[in-house]
Amino acid sequence: MSNLITMIIMTAMLFTGCANETIPPDNNTDETPELKIEDYYPFLENTKYVYEGEGNEFAFMTTYVDYIEDNRIQTRTDNGGTEIVKVLEIKDGQLLELLNRGETYFRENFTDEEYTGGRILLKEPLKEGNSWTNDSGATSTITNVSKEIVTKMGNFEALEVTTEGKQGKTIDYYANGTGLIKTVNIGEGYEVSSTISEIIEDQPFIQSITLYYPDADGITIHAVDVQISFNTNEEPKDIIEKNVKDLSVYEILGPNTKINDLYFNEQENSVHIDLSKEFVTEMNAGSGFEAMILQCLTNTLGTYYQVEEVYITIDGGPYESGHIIIEKGEAYKVDYTNVKRTE
């Protein structure tokens, strides 16, 4: 009987010991989430970024978002000397600059183009010491993942990327949830920096366009500057159509005329516009006035896109009216003869 009692007591002690046993702590709770490029370069539509500059008159700049298409973004930067359009892509753990086009004062969607290669701006893993080399021979290295950057908007904890090449050194700073907040260019005898000072949401891109229209005398062409604005992903064909129709001095486009397509041809350095048939049927003009209307349309587009040749078609086919035929492949030429500027 005593042996049985002893066994019961030992069993109870065994289970009590198991119940009170401490479970080892999880040593992985201090792991930080893996940093992603999308966090450090967010795609934000209708956003204007303002950067104050030091060391150069062109260090001050403003950047707008023209287009966002899937994993690509097109930005427009004005530094007071030129407007630069860039197409960036996030793909396979990299932020790539596919296009860097200066002197681009017109609106055109370049995100749909086919690109090969590209300059790597960021590359995962976003860890200190990670480096890569671009085709130019410049080497970029993540030199800090928590660099404190002081700006007029406050202090940011930023990812620091240092790029060294033949032309000098560039240091870019990216903040989580914000994007590029500072760039420093260092060379022999100079240092130029651009630092974020303001981010404005719901801000369209506003620019000026010169519209041309015929005078009632049938000889003079008038030119007037008007402001047009673009939200992210708005196409120039829609904005230009609206503004030309709003020019009530003379109807260049009839009320039911639509711009079916409007695009810039990089290889030809020309512009193509395809109009609906109402452009012809609603014109109600003689041959002389019709020629002036076509010239005004050509001048408007040629001036805006900075080209000399404009191709005009109707519903995808050659232009043909009762007075004028434009053969396939024939371009209208920009001509400022007899143009009078209207204040």
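Visitor: How many aromatic pairs does a search of the whole structure find?

Guide: The search turns up 9 aromatic pairs. Keep in mind that this is a predicted model.

Visitor: Take Phe264 and Tyr305. What makes the pair stacked?

Guide: Two checks. Rings pair if their centres lie within 6.5 Å, and planes under 30 degrees apart count as stacked. Here the centres are 6.4 Å apart and the planes sit at 5 degrees, so Phe264 and Tyr305 are a stacked pair.

Visitor: Why say that this pair links distant parts of the chain?

Guide: Look at where the partners sit: Phe264 is in strand E15 (residues 259-265) and Tyr305 is in helix H5 (residues 287-305), 41 residues apart. Phe264 and Tyr305 are both buried, too.

Visitor: And why is the pair of Tyr304 and Tyr305 called edge-to-face?

Guide: The cut-off for that label is planes over 60 degrees apart. The ring planes of Tyr304 and Tyr305 are at 85 degrees, with centres 5.0 Å apart, so edge-to-face it is.

Visitor: What sits over the ring of Tyr67?

Guide: That's the charged end of Arg107, 4.7 Å from the ring centre. The distance limit for such a contact is 6 Å.

Visitor: Back to H5. How do you know that its length agrees with what a helix should span?

Guide: H5 has 19 residues, which at 1.5 Å a residue should span 27 Å; the end C-alpha atoms are 27 Å apart, so the two agree.

Visitor: Why is H5 described as largely enclosed by the rest of the structure?

Guide: Buried means under 20% relative accessible area. Of the 19 residues of H5, 15 are buried, so the helix counts as largely enclosed. Just after H5, Gln306 takes a positive phi of about 60 degrees.

Visitor: What about the largest pocket: how much space lies in it?

Guide: About 1300 Å³. It is lined by 49 residues, and the closest to its centre are Lys86, Arg119, Thr170, Asp172 and Thr183. The lining divides into 22 nonpolar, 21 polar and 6 charged residues.

Key: Residues numbered from 1 in each chain as written. Predicted model: local features only at pLDDT ≥ 70, side-chain atom pairs only at ≥ 80, totals over all residues. Heavy atoms only, no water. 1 Å grid on protein atoms, 1.4 Å probe; cavity = no way out; pocket = protein on both sides within 12 Å on 5 of 7 lines; lining within 4 Å. Points joined across faces, edges and corners; volume = space filled by probe spheres on them. Nonpolar A, V, L, I, M, F, W, Y, C, P; charged D, E, K, R; others polar. Phe/Tyr/Trp six-rings, centres within 6.5 Å; stacked < 30°, edge-to-face > 60°. Helix = DSSP H or I, 4+ residues; strand = E, 2+ residues; numbered from the N terminus. Buried < 20%, exposed > 50% of the residue type's maximum accessible area, 1.4 Å probe, protein only. Lys NZ or Arg CZ within 6 Å of the ring centre and 35° of its normal. Expected span 1.5 Å × (residues − 1).
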